[in-house]
Amino acid sequence: MTQSLLVVVACALVDADRRVLIAQRPEGKSLAGLWEFPGGKIEPGESPEAALMRELEEELGIQTQAACLAPLSFASHSYEKFHLLMPLYVCRKWQGAPQNREHAALKWVRPQSLRDYAMPPADEPLIAALCDLL
């Protein structure tokens, strides 16, 4: 049985105190209540960086540029109905203060504390790379 491939892009926003922003998935969405890195689906014809800039604007009301997005790692995870491929970028420079537009909650956490938050299976392997970086 072949699974369809879903490519989404995620971002670890890192503040001056080396904390990472995580967002809680809202009620009504799959994996509701779990914490994730902001991001979303790449639209047809969009680069991962363009998708991330669009998603950060839509979800958090912040603006950044492709030059401020550094690829760090990626997740490859088989869910029941699809296979997820998710590049993770790190961003340390943006305009505006992150606002909660689509999630149940936002939280700034230390990389070492990320494991204290329930995350989707695809997000969990990315924590080690963030801990190593920060």
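Helices here are DSSP runs of H or I with at least four residues, strands are E runs of at least two, and both are numbered from the N terminus.

A word on the source: this is a predicted model, with local features needing pLDDT of at least 70 and side-chain atom pairs pLDDT 80 or more, while totals for chains, interfaces and linings use all residues. Residues are numbered from 1 along each chain as its sequence is written, and side-chain values use heavy atoms, leaving out hydrogens and water.

Now select L126, I127 and L130: in helix 2, these are buried (under 20% relative accessible area, with a 1.4 Å probe and protein chains only). They sit on the same side of helix 2 because they cover an arc of only 100 degrees around the axis, taken from the directions from the helix axis to the C-beta atoms.

Next stop, strand 6. Seven of its ten residues are buried, so strand 6 is largely enclosed by the rest of the structure. Which way does strand 1 run beside strand 6, parallel or antiparallel? Parallel, with eight bridges joining the two; pick A10 and you'll find its partner L88 in strand 6. Strand 5 pairs with strand 6 in the antiparallel sense over nine bridges, and A70 partners V90. (Pairing takes at least two DSSP bridges.) Finish at the hairpin, where three residues link strand 5 to strand 6.

Technical notes. Buried < 20%, exposed > 50% of the residue type's maximum accessible area, 1.4 Å probe, protein only.
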